[in-house]
Amino acid sequence: MLDVENVTKEFGATRAVDRVSFAVERPGFIGIIGRSGAGKSTFLRMVNRLTDATTGAIRFRGRDVLALKGAEKRAWQSDCAMIFQQFNLVPRMDVVSNVLHGTLNRRSALATFFNLYPAEDIHRAIDILDRLGIAEQAAKRAEALSGGQQQRVAIARALMQDPQIILADEPIASLDPMNAQVVMDALRRIHEEDGRMVIANLHTLDTARRYCDRVIGMRDGRIVFDGTPEQLTTGVARDIYGADASFSEAATSTSLARLDRPARAKETELL
Amino acid sequence: MTELSNAGGPAVPDIRADYMALTRRRRAYSGVLLIVFVALMAAGFQVADDRNAGGFRDGLHNIFAFPAQVIGEAVEKAALLPGHLVKFFPALVETINIAAVSTLVGALAGLVLSLLSTRGLARFPRLIPLFRRIMDVMRAIPEIVIALVLIFVLGGGPVPAMIAIAFHTGGALGKLFSEVNENADLKPVEGLESVGASWIQRMGLGVMPQVAPNYLSYALLRFEINIRASAILGFVGAGGIGYELKNAISWGQGKFDEAAAIFLLLFGAIVFFDQLSSQYRDRLTRGRGAP
């Protein structure tokens, strides 16, 4: 389905991403872990075409998306939604408008400037917000919402795109543990219920273990680990993070260990 | 918190209906606004055209007659251009000097006024309205009026022009600077206050490093505007290239070649300072060591 072949990104003399290759056969929940500067973000941004790769190919259903240009490139971007660490919403516009931005690729600029979205799109946007438990916020400005709510608006915008892949770049790094869980649960549910592929950059091991079907570890731009969450032992984690024996997961863990996993189903009650 | 009261909150159909009503209202507003805009433009044009001595449509085909004559004459006497450029260069230097001094003086006045009139930074918060009104007055009086009064009092020359432009610049830059100040981060200022720094120290060491690049780019834009303003003041007797332009551009003297040379000099000066300013600004925002 998705084939990544020798993707490399150079910034001047440094290689941010170094000959990354892997293949995904069917939609899964894939986590990419590694310390800051390992090239995780750059890689996701290349998949979405926010950043151009230096060399390599990313094939989705046989088509090299790195070679797309102009309208075809924008069509691919609408097919491959991106969720950012800082949410990247338009703060002064209301929540539903922000969600409707997910349809921009299909609408003309003039119609969107005058807020002329079809009624069924507006209804769908509100349904998506309801699915994520924030329908009451529909008419509020995005900037008036809490971080966790804003990130769910961003996820709603991604879902509005009806994408094949959802890329999440550190989706919970700016959130407190409780909101982080709500957001990760929402992403996992989207993957399970809609069967969409999710690729998420994560910076905590416990999140990766708990939510992902497959974990890819990056270090200095290279893939150093690719396996199941079970294979991700403390020893492997030390390799990925380049840490010595003093490295302890518990010291940096942000998980709410005492909260039970079934909370996932009742995410809306958590806030 | 809101989700806890989910049971009591509105149901999705209600939210839909509310939001659709909101959308319809917004569309109606923008539709009305568009109609009013178009109607005002059309009506305003009609009124202005009726009052015009000549009429817009009758005069339209003549619009390029004057420029064509200027260019025609200039091309005819193209051989004289280099000589004219050399001849008028000292006048250009005088004009640029007036602009530079007035921008510098105006920027300093604007700096002080802006700090005194920004909420959160002001030394005397209660006097903010006073300083704002002072800046309003400085902006409201046209430069040419001040220059005319001063020329009458002090006699013709560059000094009245400089004072007139500096006065206006102080008000204009003060307003722009204070908008920059409003976006400055107050945390460093608080940090300096916590070590016992005075107001002047807090402004100089906490605010200035943040706002300096934006100040500089506004000041350089103002410098460009002031070059033009000081050229215009030459028309009323403040000297510089404006005085020469007034003599050359008058109809029927056959001096349009000189006028063309003066325009070229002014254009060249603006381009030169635009390039210079973008370079300086880059260096200031990126830091001195950066390439």
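**Group meeting: the fold of chain A**

Let me start with one pair of strands. Strand β7 (residues 165-169) of chain A runs parallel to strand β8 (residues 197-201) of chain A, and five bridges join them. Two strands count as paired if DSSP finds at least two bridges between them. Strands here are DSSP runs of E with at least two residues, helices are runs of H or I with at least four, and both are numbered from the N terminus. Within this pair, L167(A) sits opposite I199(A) in β8(A).

A word on the source. This is a predicted model: local features need pLDDT of at least 70, side-chain atom pairs count only at pLDDT 80 or more, and totals for chains, interfaces and linings use all residues. Residues are numbered from 1 along each chain as its sequence is written, while chains are lettered from A and ligands numbered from 1 in the order in which they are written.

Now the sheet. Where do β7 and β8 belong? They are part of an open sheet of six strands in chain A, in the order β6-β7-β8-β3-β9-β10, with mixed pairing. β6 (80-83) and β10 (222-227) of chain A are at the edges with a single partner strand each, so one side of each has no neighbour in the sheet.

Zoom out. Chain A has 10 helices and 10 strands. Its C-alpha atoms fill a box of roughly 55 × 45 × 30 Å along the principal axes. How much of chain A is buried? Of its 271 residues, 40% count as buried, meaning that 20 or more other C-beta atoms, placed from the backbone, lie within 10 Å of a residue's own.

Methods
Buried ≥ 20, exposed ≤ 12 C-beta atoms within 10 Å, placed from the backbone.
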